[in-house]
Amino acid sequence: MEIKILGASGGDYNRFRSTSILVNEKTLVDAGAVVSLLNIDEIIKIEDVILTHPHIDHIKDLAMISDLIVKKRKKPLNIWGSKHTISVLKRHLFNDLLWPDFTRIPLKKNPTIRYRLLKSEKINQINSLSVLPVKVNHTVETMGFIIKDNKASFAISGDTGPTEKLWQFVNREENLKCIFIELSFPESQKDIAIDSKHLTPLMLKNELEKINKRDIPIFLYHMKPLYIETLKSETNRLLKSNIVFLNSNDRFLL
């Protein structure tokens, strides 16, 4: 698998971009930063967008993508999400008020986008990837994923506070190569982290203790831009050397 980080932050600010991960050039995990980093040919190549949840920093570029690709693809762009996520997109984004309903443009029988329902705790076959969604602990229904091909797999937490079930599935995964885990707020903002169901460095340390795969790389993303340096300092003090802080344009081969 080829993985390209388009955005790794918990918001847009200056050089920081919201969460978006491109897998094998064809599949996006979240759509927080796409159109400012990819050209139109690269955007047209994308066939599927897999959403962890419907918060704006994870879906905002769906609007611009849909506008750019009208009549430029032979097939609709598949947008995968939970029942809740798809409901939010229908009611609050592609609703002909905030943004046109691209499930009916240019024609209802030939739309620009179409919704696809993710089945929780079951394998969803998406392109050449097997995607296992598992609900995590956030303020809205949110899924983490275990994503695999015939050679390797990786896990991504989605936005979450302390959670359990995802790590149970991760611990069963035999060929896991890395884990992407959110980290959002420093310890000084622990009250906000608890209320918004995100992680601080100490909370992250507790989550990692639930994982029995001790030596694989842990990639951290979703750090709030104004707290980046504090988060790095606190995390380095608490955790061991297999921690990597993600940046836009990082690339990996699994």
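Analyst: Happy to! Buried means under 20% relative accessible area, exposed means over 50%, and partly exposed lies in between. One thing to keep in mind is that this is a predicted model.

User: Thanks! Is F185 buried or exposed?

Analyst: The relative accessible area of F185 is 9%. The cut-off for burial is under 20%. F185 therefore counts as buried.

User: Which aromatic pair does F185 form, and of what kind?

Analyst: The ring of F185 pairs with that of Y227, at 6.3 Å centre to centre and 55° between the planes. F185 sits in the loop between strand 13 and helix 6, while Y227 sits in the loop between strand 14 and helix 8, 42 residues apart. Planes under 30 degrees apart would count as stacked and over 60 as edge-to-face. The pair of F185 and Y227 is tilted.

User: And how does Y227 count in terms of accessibility?

Analyst: Y227 has a relative accessibility of 26%. Buried would need under 20%, and exposed over 50%. Y227 therefore counts as partly exposed.

User: What kind of aromatic pair do F180 and F252 form?

Analyst: A search of the whole structure finds six aromatic pairs. In the one formed by F180 and F252, the centres are 6.3 Å apart and the planes 75° apart. F180 belongs to strand 13 and F252 to strand 16, 72 residues apart. With over 60 degrees as the cut-off, this pair is edge-to-face.

User: Which residues make up the aromatic cluster that holds F180 and F252?

Analyst: Both F180 and F252 are buried. They belong to one aromatic cluster, whose members are F154, F180, F219 and F252.

User: Turning to helices, how do helix 7 and helix 8 lie to each other?

Analyst: Helix 7 (residues 201–208) packs against helix 8 (residues 228–238) at about 40°, with the axes 9 Å apart. The crossing is right-handed. Roughly parallel would need an angle under 35 degrees, and roughly perpendicular one from 65 to 115. Helix 7 and helix 8 are therefore oblique to each other.

User: How do the residues of that contact divide by type?

Analyst: From helix 7, P201, L202 and K205 meet L231, E234, T235 and L238 of helix 8. These residues divide into two charged, one polar and four nonpolar.

User: Last one: which residues does L62 touch, leaving out those up to four places away in sequence?

Analyst: L62 is placed in helix 3 (residues 61–69). At 3% relative accessibility, L62 counts as buried. Its contacts are A31, V49, L51, I79, L89, L93 and F94.

Key
Residues numbered from 1 in each chain as written. Predicted model: local features only at pLDDT ≥ 70, side-chain atom pairs only at ≥ 80, totals over all residues. Heavy atoms only, no water. Axes fitted to C-alpha atoms, helices over the stretch in contact; angles between N-to-C directions. Helix = DSSP H or I, 4+ residues; strand = E, 2+ residues; numbered from the N terminus. Parallel < 35°, antiparallel > 145°, perpendicular 65-115°, else oblique. Left-handed = near helix turned anticlockwise from the far one by under 90°. Contact = heavy atoms within 4.5 Å. Nonpolar A, V, L, I, M, F, W, Y, C, P; charged D, E, K, R; others polar. Phe/Tyr/Trp six-rings, centres within 6.5 Å; stacked < 30°, edge-to-face > 60°. Buried < 20%, exposed > 50% of the residue type's maximum accessible area, 1.4 Å probe, protein only.
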